[in-house]
Amino acid sequence: MNNPQLNKHGELQHLLTTEGLPASILLHILDTAESFVGVTERDIKKVPLLRGKSIFNLFFEPSTRTRTTFEIAAKRLSADVVNLNIAASSQTKGETLLDTVDNLSAMHADMFVVRHSQSGAAHLIARHVRPEIHVINAGDGRHAHPTQGLLDMFTIRHYKNDFHNLRVAIVGDILHSRVARSQIHALTTLGVPEVRVIAPKTLLPARVERLGVHVYHEMTQGLKDVDVLLMLRLQNERMLSARLPSTEEYFKYYGLTQEKLALAKRDAIVLHPGPMNRGVEIDSAVADGGQSVILPQVTFGIAVRMAVMSILAGN
Amino acid sequence: MNNPQLNKHGELQHLLTTEGLPASILLHILDTAESFVGVTERDIKKVPLLRGKSIFNLFFEPSTRTRTTFEIAAKRLSADVVNLNIAASSQTKGETLLDTVDNLSAMHADMFVVRHSQSGAAHLIARHVRPEIHVINAGDGRHAHPTQGLLDMFTIRHYKNDFHNLRVAIVGDILHSRVARSQIHALTTLGVPEVRVIAPKTLLPARVERLGVHVYHEMTQGLKDVDVLLMLRLQNERMLSARLPSTEEYFKYYGLTQEKLALAKRDAIVLHPGPMNRGVEIDSAVADGGQSVILPQVTFGIAVRMAVMSILAGN
Amino acid sequence: MNNPQLNKHGELQHLLTTEGLPASILLHILDTAESFVGVTERDIKKVPLLRGKSIFNLFFEPSTRTRTTFEIAAKRLSADVVNLNIAASSQTKGETLLDTVDNLSAMHADMFVVRHSQSGAAHLIARHVRPEIHVINAGDGRHAHPTQGLLDMFTIRHYKNDFHNLRVAIVGDILHSRVARSQIHALTTLGVPEVRVIAPKTLLPARVERLGVHVYHEMTQGLKDVDVLLMLRLQNERMLSARLPSTEEYFKYYGLTQEKLALAKRDAIVLHPGPMNRGVEIDSAVADGGQSVILPQVTFGIAVRMAVMSILAGN
């Protein structure tokens, strides 16, 4: 029971990955997020739950979009937020990651939201800080992006009510995707009976079946009778690499079109973590179509991040 | 009556340009701004009018100065403000402008303050968003910069009381200036009987007379009996281009000196949108002299932006 | 009595340098900071002392760490804070420093926190602004960094109770260090009887003895019977210059190891302004050891900055 994410009472201490978290914790986050959906729809979108708390957005890798979601979530909880783009500052002055963290902790930080290009960075920080400080992983290398995974679960439950009767397909660059890893662990923990991954061999991790997923290399077979499609972003840098012949070729085989979507169930929903490459992994007709729940994902994402912060702060 | 800036009740829905706005709307903004001048002079410079609202400063073109004025205005209205410098983020990830906007809208944005190098960007966004979201154009290409135009009107009214008996001259690079366009439309709508533009031919748009202005190529004639001088900033990039012989030459003919200012009325006032190029379009003796109202413009600019935000939010 | 830092009643008007400030003012800041240490340890780390005030972090030289300390301090006083990284904006548009300041002052700024690579920049601004605006120097060239000096004094008093019986050594690159200058002036004003500087000749200013310090070139002699060690950061750019043979060589002679620390008093404390170059000016065993008070310095630094802001605002 040495889970660095839970305290000795089994409560959430840090959110680092969806892997190894019990279903009860995942469901508690989703249930708490339900209550915050209402807050973000009110005229005054603010609750005083984190008033006087100091949250540091510690971004060692730039991401305006993700930083913004956490900043908005924290401000709607009335926290004080400080944005730190570390690439451009003390790291260049030769300070170590843990010295930076110690320094900010000494300013009586309450929470760190960490984005880093190295897998394990958020874990390293979580192991290092004092118990009154909480760490949220906002994406570390290829490893995990748990709030993205959780908002996807929230979205799926919102439209499908239950996890226990679903067939879910994750499509695209599984190999490099921290989002895919966080989705797979959450889906299996929450009891989804069939999780599929659909990708060319060059974009699949070795022995991915061990994670409890079924592997497909072709959309025609993989999408058959699927309830939920989780599309992945094809990173620009992959497109230019030797792993892919061309983006046109990729779109032809793995880009989601209305035609391919018709292979799934009639009421299947389509998710994407954004930002989208239209015409690469997804066709605009699908992205903007009636089965897309891509924008609701963003809305729910604020509520899920508010829930995580609120739970970590002990509310 | 298909004005994208007004809702079906004829109220301000977006502020995109001063062009086509009725005088009643312009005057309502100026009158509302009067009440906010008092707020910014109080000991606690804050009112709760926009508490719990989320305002996104969406700057696709960097401008610390303009961003700061909107940030301060929003904070004094108690709004939550998020700054997004988009050049450095998702645009480089290949996301489209409207996908970025959809994404932020899904976070329950209330207002977008948009600065973009492309004319029409703010209009595009305004046409795209849901009716509960409001767009303020903070400068789009060569097209419009309506809050600058409005703060100039506020300043003119403050010192001259009325618009109906004024002779106003706009001096400088009219061709590339969104500020000049916003000034011309506001001045003519508010009933200024004589608006002049003074510039070399290379810095005037084709058929500028159509906007209702009188064209002058020399300061000696153009400044004669003028009540208000609206100086324009000479963009650095223009100075280096083939349109101008040299900045010295420009200063000699169009730079505002005490000597040239003496051609205008004795109580004429001098405005400039900043940042100034001292010794290029304006001499320091004038910029810092008794007829300059350049710093009051900045002060009034905060009140005008508070007014626009407050009106858009339905207060 | 023409001290630009004091108003005609002898009260603090600006904080520009520790030089020339009477002991009573320094002690008033330290005493006020004591009360804020409690605030930063509370559950809701916020007091409404500066509500509705506008504080501008005016950073002409990037420093995420220092900017963050002021941002956090201001937010915990409930002020509105605007961060301006000026290098990247209007300075490149050719605006002068004082035009930038005039502009922000016209937005009803209450306080400027100024970091600049030029010595004297904060003084220049303080002389220029209206009396209701207060300037805090957050580091100007090689000249001064008074809040750093003050937080060091706070830390020394916290651990040693009194200044009047201490032997203090400042170790490292005195020549280029604004921190060292602010420490020396504060220490001598507060009545420390013996202040030593320890450095190679190439890293000492000419006639440094005039500041009232004793000069040592070797750690063995300089550290003997010392109560407090103030380590300085060795700037990367100095390491590469001709002033130093190599960082290894520097560490051998001036890097603080447990062995060298043993020369000081047994209860001596070690301070460092950060960010540290581990293995250059300080060994990790010392930095993380029982005599290091480097992290408490950071904690006290927030309280000291809150105290300075609160006093300047008239509380």
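**Strand pairing, chain contacts and a buried helix residue**

In the predicted model described here, A:V171 stands opposite A:I198, a residue of strand β6 of chain A. The chain passes from strand β5(A) through helix α6 (residues 178-189) of chain A to β6(A), and this β-α-β crossover is right-handed, a term used if, with the strands pointing away from the viewer, the path from the first strand over the helix to the second runs clockwise. Helices (H or I, at least four residues) and strands (E, at least two) are DSSP runs, numbered from the N terminus. Residues are numbered from 1 along each chain as its sequence is written, and chains are lettered from A and ligands numbered from 1 in the order in which they are written. Local features need pLDDT of at least 70, side-chain atom pairs count only at pLDDT 80 or more, and totals for chains, interfaces and linings use all residues, while side-chain values use heavy atoms, with hydrogens and water left out.

Strand β5 of chain A, which spans residues 167-171, is mostly covered, with four of its five residues buried, that is, under 20% relative accessible area, whereas exposed means over 50% and partly exposed in between (1.4 Å probe, protein chains only). β5(A) pairs in the parallel sense with β6(A) (residues 194-198) over five bridges, pairing being assigned if DSSP finds at least two bridges between two strands. With strand β8 of chain A (residues 228-231), β5(A) pairs in the parallel sense over four bridges, and here A:A169 stands opposite A:L229.

Chain A can be laid on chain B with an RMSD of 0.0 Å by a turn of 120° and a shift of 0.0 Å along the axis; the two copies are thus related as by a three-fold rotation axis. The superposition is by least squares on the C-alpha atoms of residues with pLDDT of at least 70 in both copies.

Between these chains, 26 residues of chain A are in contact (heavy atoms within 4.5 Å) with 25 residues of chain B. The buried area, meaning the accessible area (1.4 Å probe) that two parts lose on being put together, summed over both, is about 2200 Å² for chain A and chain B, and carbon and sulfur atoms give 50% of this. In chain A, the residues that lose the most area to chain B are A:K45, A:T64 and A:R65, together 20% of what that side buries. Four salt bridges are counted between the two chains, each a side-chain nitrogen of Lys or Arg within 4 Å of a carboxyl oxygen of Asp or Glu; the side chains of A:K46 and B:D80 meet in a salt bridge at 2.8 Å, N to O.

In chain C, C:A307 lies in helix α12 (residues 294-312) and, at 0% relative accessibility, counts as buried. Leaving aside neighbours within four places in sequence, C:A307 is in contact with C:I29, C:T32, C:A33 and C:F36.
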